[in-house]
Amino acid sequence: MNLSRRNLLRGGSALAVWPFLNLPFAEAASRRVFLQDYPFQLGVASGDPVPDGVVLWTRLAPDPLHGGGMPAEDVAVRWEVAKDENFSRVLRHGEATATADWGHSVHVEVSGLRPDHVYWYRFMVGSEVSPTGRTRTAPLGHKELSRLRFAFASCQNYEQGLFTAYKYMAAEDLNAVVHLGDYIYEGRANDNRVRKHNSAEIQTLEDYRNRHALYKSDLDLQAAHAAFPWIVTWDDHEFDNNYASEISEQPNVVVEEFLRRRAAAYQAYYEHMPLRRSSLPHGPMMKLYRKVSYGRLAQFSVLDTRQYRTDQPNGDGNKPPSEEQQDPSATILGKVQEKWLCDTLVDSASRWNVMAQQVMMGPIDREAGEGAKFSMDQWAGYPVGRDRFLRFLHERKISNPVVITGDVHSNWVNDLKLDFDDENAPVVATEVVGTSISSGGNGVKKPKNYDATMSENPWVQFHNAQRGYVRCELTPESWQTDFRIVPKVTELDSPIGTASSFVLESGSTSAKPA
């Protein structure tokens with residue numbers, strides 16, 4: 001790394017001789033580890049806020065793109081949480097162990113903080129200090145919050161565009177960021193792209209670590225992580241495109257080999273995300289579905305539509321309706337997660353109930369004119385489960401359900417109906433779909449198939465295919481959605497704008513243009 005970038009990451013401090021580090025265990029107290037470069041090159045992050053605390057994250061990686069560059073030793077890392085960004089009032093501090101087995105990542109679950117307060121945090125190893133992060137705790141469960149602002153994003157292909165949207169996101173006034181998947185892409189390096197991946201298609205734990213490190217090296221992404229707590233979940237590209245549980249999209253893949261690769265992908269994902277110990281992976285299994293609450297204003301049910309689903313029907317792709325899709329045992333959530341979701345929603349005392357998930361819930365007919373074709377990878381491929389869940393929302397009168405979605409590299413506002421074949425069927429919820437950060441390259445305001453899409457799918461209120469993120473502001477009375485767009489992800493300093501805004505009034509199920 002060049003000097004100017006290194007100084008930027010170190011907050012402008014002068015270069016020093018790289019420190020020797022004392023190991024955290026008594027039997028190794030006399031041993032020292034030499035670091036050849038600045039260890040905090042992947043930045044810092046926080047996540048999964050609760051009223052009295054938050055998860056703090058970093059990873060020691062003096063050579064991040066080549067395995068991390070750390071010796072095979074566990075290393076003590078000091079951390080501090082302060083009331084001010086100058087750390088004149090340190091409120092909590094401690095020591096964590098960055099273990100070699102977990103890529104020298106650090107996950108500190110801080111507690112004892114005040115609800116709904118902003119804090120600053122940092123890490124220290126030897127004489128080296130990490131960049132400073134800012135985070136915010138959640139309000140108390142009974143708190144009547146007057147406002148919540150969050151952004152959500154997904155689909156950031158390093159090769160296909162710059163992460164400029166995160167620069168603008170970092171400047172927003174937000175309580176949190178929700179990431180809905182495709183944080184990395186697993187594919188091979190390609191020439192003649194905006195940037196280039198660092199290897200062939202990734203397969204091993206070291207491969208996945210290096211790919212995460214490549215993405216984390218982006219300074220705009222680092223800035224957004226350092227500005228707010230993140231609530232994360234994955235989709236498919238964190239592991240392998242369009243996988244379904246233990247099933248690859250490629251034929252003749254040996255299940256045991258596939259699960260070994262999945263275990264590597266899941267471990268690397270945990271190592272690079274601000275997640276709690278409750279999400280620690282166990283081999284090829286990792287629990288990500290959970291709830292995050294913001295007082296009585298909003299509850300986020302964070303879902304995983306990859307790990308527990310049955311295979312996509314009809315061989316995946318866009319297919320016409322068929323009997324195979326009507327299999328009552330087909331599921332996109334799995335029985336356990338679906339029950340958890342329904343129980344969580346029934347128990348919720350929040351005004352707004354947010355389902356943060358990956359793939360489009362509203363069915364989009366991709367065939368103009370006679371006939372119909374739907375994506376088998378989305379909820380349209382699992383219509384029995386989709387209709388069962390929408391009927392549950394309707395019958396149990398869940399308060400203000402809103403689905404937020406990623407995956408499709410475009411913006412949508414969809415009315416989720418009890419019966420999509422009946423124009424008079426009630427709308428039971430709104431789905432807000434966010435575009436990609438960079439995947440797909442420069443987007444367009446009006447896709448070529450726009451007119452056909454809108455006429456074939458009358459439940460679609462808005463459709464746009466530019467790049468960016470979605471900003472949401474919630475009050476007890478309304479939810480406003482702003483589709484923030486960056487016209488060109490292939491150029492530095494492309495400006496930010498708002499393509500459209502929609503408002504959903506509390507008690508209504510259909511959003512309207514602002």
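A: A nonpolar core is a set of buried Ala, Val, Leu, Ile, Met, Phe, Trp, Tyr and Cys residues joined through side-chain atoms within 4.5 Å, where buried means under 20% relative accessible area, exposed over 50% and partly exposed in between (1.4 Å probe, protein chains only). This is a predicted model, in which local features need pLDDT of at least 70 and side-chain atom pairs count only at pLDDT 80 or more, whereas totals for chains, interfaces and linings use all residues. Residues are numbered from 1 along each chain as its sequence is written, and side-chain values use heavy atoms, with hydrogens and water left out.

The largest nonpolar core has 42 residues, and those with the most contacts inside it are Tyr-166, Met-169, Tyr-208, Trp-230, Tyr-269, Leu-275 and Met-286. At least two residues of this core come from each of strand 11 (148–153), helix 2 (164–170), helix 3 (205–216), helix 4 (219–227), strand 13 (229–232) and helix 5 (255–271); these are DSSP runs numbered from the N terminus, helices being H or I of at least four residues and strands E of at least two. Helix 5 gives the largest share of the core, seven residues.

Leaving aside neighbours within four places in sequence, Leu-275 is in contact (heavy atoms within 4.5 Å) with Asp-48, Val-55, His-107, Val-232, Tyr-269, Tyr-270, Met-286, Leu-288 and Arg-290. Tyr-294 has Ala-298 in strand 15 as its bridge partner.

Terms used. Pairing = 2+ DSSP bridges.
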